[in-house]
Amino acid sequence: MIEFILRRLFQGALVVLGVTATVFVVTRLAGDPVALMLPLSATAEQRAAFSAQIGLDQPIWIQFARYAQDVVTLDFGDSLWQRRPAMEVVLERLPNTALLVATGLGGAVLLSIPMGAVAALRPGGLVDRLTTSLSLLGLAMPQFWLGLMAIMVFSVMLKWLPTSGFGTPAHLVLPAITLALTPLARFTMMVRAAMIDELNKQYVQTARAKGLTLRRILRVHTLRNILVPFLSISGWELITALSGYTVVVETVFGWPGLGLTAVQAIQRGDLFLVQAIVFSIAFMIVVIGILMDVISKLIDPRIELN
């Protein structure tokens, strides 16, 4: 186990460095941050002075060497937009994203297990068809569209919830539901399929013949057997949420997390803040992947960790 963790940490470090190097190249090719940050009336002397101030007047290989050193020391410089350390901005916005993701995915996990299990008890029945139809609908609806429709119905028409912002539990409701819908649909379909497969296995028939109730079989045997694949897909959804879903949801609802901050930083040409955000997300994804593998091994010791 220790050898596996060390090997994965080494591989993860290579992945993070590769991602940050790619971001360095892309941010240099995407445009001139000096032109984006200074007003159009800025003189050539002002542009040159600002470029020297942020180190963009140096050859590209010197810029990359300094950037690599900054990555190692977690010092990405000052945000050109916020005028304070970029990593400080990331650490300030990270709890907001964590709250949104934990609420949305946590709710999806808690709802999907009973929904999928109940649907699996009678394949082809009314509950199963209804659950499958709703799950497919949830997978088909884009999150940005769902968010806009939720705002129109619950905020504009019914005036039950705020349209956007942050600060109260009411502000969290619509973003969390919007974020949770796609994972909920995918979790439910996965639980349903896995439960149907487990209920058709020989050990379930043997347990029923011995007099065990279906509730006990589900609780003690089948749910435990589907826990590892469910954990795997949960880890994948968590990674997808951090790297994709939150950008859409936070932008639609004005939620001040890493996703919205990344969009705003790109719009303002704040390459230092963009680099800090991408590094932080890549690091979290690597750590989540390692934790999912370790937890899976602890649940089922038969799993081989490669």
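**Exercise 1.** Which residues in helix 12 meet which residues in helix 13?

*Solution.* The model is predicted: local features need pLDDT of at least 70, side-chain atom pairs count only at pLDDT 80 or more, and totals for chains, interfaces and linings use all residues. Residues are numbered from 1 along each chain as its sequence is written, and side-chain values use heavy atoms, without hydrogens and water.

Step 1. Helices are DSSP runs of H or I with at least four residues, numbered from the N terminus. Helix 12 covers residues 258–267 and helix 13 covers residues 271–299.

Step 2. Contact means heavy atoms within 4.5 Å. Leu258, Thr261, Ala262, Ala265 and Ile266 of helix 12 meet Leu273, Val274, Ile277, Ile281 and Met284 of helix 13.

**Exercise 2.** Describe how the axes of helix 12 and helix 13 are placed.

*Solution.* Step 1. Two packed helices are described by the angle and the distance between their axes.

Step 1. The two axes, lines fitted to C-alpha atoms over the stretch in contact, come within 9 Å and cross at roughly 150°. Such angles run from 0 to 180 degrees between N-to-C directions.

**Exercise 3.** State how many helices and strands the chain has, and what share of its residues is buried.

*Solution.* The chain has 13 helices and zero strands (runs of E, at least two residues). Of its 306 residues, 43% count as buried.

Notes
Buried < 20%, exposed > 50% of the residue type's maximum accessible area, 1.4 Å probe, protein only.
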